[in-house]
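Let's take a walk through this protein, from the overall layout down to single side chains. Keep the sequence and the 3D view open as you read.

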Amino acid sequence: MTQQPHATQPPAGERQQASAGMSSTSAPGPGFTPTEAAWASGGVVFAGVLMLMNGVLAIFQGISLLAEDSVWARVGDYVYKVSLTGWGVILLCLGVLAAVTGAFILRGASWARMTGIFLASLSMLAQFLFLPYAPVWSVIMIGLDFFVIWALAVYRPAMRA
């Protein structure tokens, strides 16, 4: 068996010292540099905070749609016709689910990552359909939902431990 020229291995004494000095937290895992691992874990914390805050804001938005319809602009002909009361119920339910999921993402629950990706996808779709009522807010929320999906998808908790 021949050794590849690019695969250099340290002598046996150095290999033992290197493995003895390495803790489980200092190795980010195969394929990750320490900076990439820090970005991924920091991104998940930020995604959890974003989901929590987006959920709370969606709850307030849903309550305002249910309580006082005159705050929102009336849209004439729109392909996706849903009443403002219907939007209130949709945003209220999505907001409660997103806030709870965001809190569990911050606590490190593994099921919350997949649920967060699913809820952020639903939120992105809902904000797209809500564009005529609040265009600037909807575009901002679509961008934040995209970041949440990305951060939760690239995070690998097994690499962190």
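The protein has six helices and zero strands, where helices (H or I, at least four residues) and strands (E, at least two) are DSSP runs numbered from the N terminus. Read along the sequence, that gives the pattern α-α-α-α-α-α. Bear in mind that this is a predicted model, in which local features need pLDDT of at least 70 and side-chain atom pairs count only at pLDDT 80 or more, while totals for chains, interfaces and linings use all residues. Residues are numbered from 1 along each chain as its sequence is written, and side-chain values use heavy atoms, with hydrogens and water left out.

Of the 161 residues in the protein, 32% are buried; buried means under 20% relative accessible area, exposed over 50%, and partly exposed in between, with a 1.4 Å probe and protein chains only. The protein exposes about 10,100 Å², and carbon and sulfur atoms supply 70% of that. These areas come from the Shrake-Rupley method with a 1.4 Å probe, and for residues only the protein chains shown count as cover. As for contacts (heavy atoms within 4.5 Å), take those between residues at least 6 apart in sequence: 72% of them join residues at least 24 apart.

Now for the inside. In soluble globular proteins, nonpolar side chains tend to be buried together. Here, the largest nonpolar core has 27 residues, and Met51, Leu65, Trp72, Trp87, Phe130, Val148 and Leu152 touch the most other members. A nonpolar core is a set of buried Ala, Val, Leu, Ile, Met, Phe, Trp, Tyr and Cys residues joined through side-chain atoms within 4.5 Å. The elements giving two or more residues to this core are α2 (34-67), α3, α4 and α5.

You'll find Trp87 in helix α3 (residues 84-107), and at 2% relative accessibility Trp87 counts as buried. Setting aside neighbours within four places in sequence, Trp87 is in contact with Leu65, Val82, Ala126, Leu129, Phe130 and Tyr133. Trp87 and Leu66 are 21 residues apart in sequence, but their C-alpha atoms are 8.2 Å apart in space.

What about the rings? The whole structure holds five aromatic pairs. Rings of Phe, Tyr and Trp (its six-membered ring) pair if their centres lie within 6.5 Å; planes under 30 degrees apart count as stacked, over 60 as edge-to-face, and the rest as tilted. Trp87 and Phe130 make an edge-to-face pair, 5.2 Å centre to centre with 70 degrees between the planes. Trp87 sits in helix α3 and Phe130 in the loop between α4 (110-129) and α5 (135-154), so this pair ties together parts that are 43 residues apart in sequence. Both partners, Trp87 and Phe130, are buried.

Phe147 and Trp150 form a tilted pair, with 5.7 Å between centres and 40 degrees between planes. They are three residues apart in helix α5, so about one helical turn separates them. Phe147 is partly exposed at 25% relative accessibility, and Trp150 is partly exposed too, at 41%. Ring pairs link Phe46, Phe147 and Trp150 into a cluster.

Back in helix α3, look at Leu91, which is buried at 2% relative accessibility. Beyond residues up to four places away in sequence, Leu91 touches Ala58, Ile59, Gln61, Gly62, Leu65, Gln127 and Phe130.

Finally, step outside. Val45, Val49, Met53 and Leu106 form a nonpolar patch on the surface, with about 320 Å² of accessible area together. Helix α2 gives the patch its largest share, three residues. Val49 lies in that helix, α2, and at 36% relative accessibility Val49 counts as partly exposed.

Terms used. Patches are made of residues with over 30% relative accessible area and no salt bridge: like charges are joined within 9 Å, nonpolar side chains (Val, Leu, Ile, Met, Phe, Trp, Tyr) within 5 Å. A salt bridge is a side-chain nitrogen of Lys or Arg within 4 Å of a carboxyl oxygen of Asp or Glu.
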